[in-house]
Amino acid sequence: MSPEMIITIGKETAYTVLLIGGPMLIIAMVVGITVTIFQTVTQIRDQTLTFIPKIVAIVLSLIFFMPFMIQTLVAFATKIFTLGAQIT
């Protein structure tokens with residue numbers, strides 16, 4: 001296995017992780033900022049208020065993006081297994 005191949009595998013892995021985790025992280029960030037602005041405007045300082053909307057948003061985004069995530073993981077696994085078969 002050459003160093004170029006290892007770098008390519010690492011790059012593809014990082015890209016796949018960003019594709020799978022990115023949508024949920026962005027949604028959680030937007031919901032968190034929205035709840036924080038709401039708390040600031042209404043002067044409510046309850047720490048648990050931020051967690052429940054984030055959890056609900058992440059679960060809903062997980063349900064919505066699950067087909068895309070599975071498709072991306074299957075494509076990545078296929079690439080890795082094909083590459084492994086070529087090496088041996």
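**View 1. The aromatic pair of this predicted model.** One aromatic pair is counted, where rings of Phe, Tyr and Trp (its six-membered ring) pair if their centres lie within 6.5 Å. The rings of Phe64 and Phe65 have centres 5.0 Å apart and planes at 80 degrees, so the pair is edge-to-face. Phe64 counts as exposed because its relative accessibility is 65%. Phe65, at 22%, counts as partly exposed. Buried means under 20% relative accessible area, exposed means over 50%, and partly exposed lies in between (1.4 Å probe, protein chains only). This is a predicted model: local features need pLDDT of at least 70, side-chain atom pairs count only at pLDDT 80 or more, and totals for chains, interfaces and linings use all residues. Residues are numbered from 1 along each chain as its sequence is written, and side-chain values use heavy atoms, with hydrogens and water left out.

**View 2. The kink in α2.** Helix α2 covers residues 48–87. Helices are DSSP runs (H or I, at least four residues), strands are E runs of at least two, and both are numbered from the N terminus. A kink of about 55 degrees sits at Phe65, shortly before the proline Pro67. The bend is the angle between axes fitted to the seven residues ending at a residue and the seven starting there. The end C-alpha atoms of α2, a helix of 40 residues, are only 51 Å apart, whereas a straight helix would reach 58 Å. That expected span is 1.5 Å times one less than the number of residues.

**View 3. Ser61 and the buried residues of α2.** Ser61 lies in helix α2. Ser61 counts as buried because its relative accessibility is 4%. Leaving out residues up to four places away in sequence, Ser61 touches Met24 and Ile27; contact means heavy atoms within 4.5 Å. The buried residues of α2 also include Thr50, Ala57, Met69, Thr72 and Phe76. Their cover includes α1 (3–42).

**View 4. The whole chain.** The chain has two helices and zero strands. Its C-alpha atoms fill a box of roughly 60 × 25 × 15 Å along the principal axes. The radius of gyration is 19 Å, while a compact globule of 88 residues would have one near 12 Å. This radius is taken over C-alpha atoms, and the globule rule is 2.2 Å times the number of residues to the power 0.38. Buried residues make up 18% of the 88 residues.

Key: Phe/Tyr/Trp six-rings, centres within 6.5 Å; stacked < 30°, edge-to-face > 60°.
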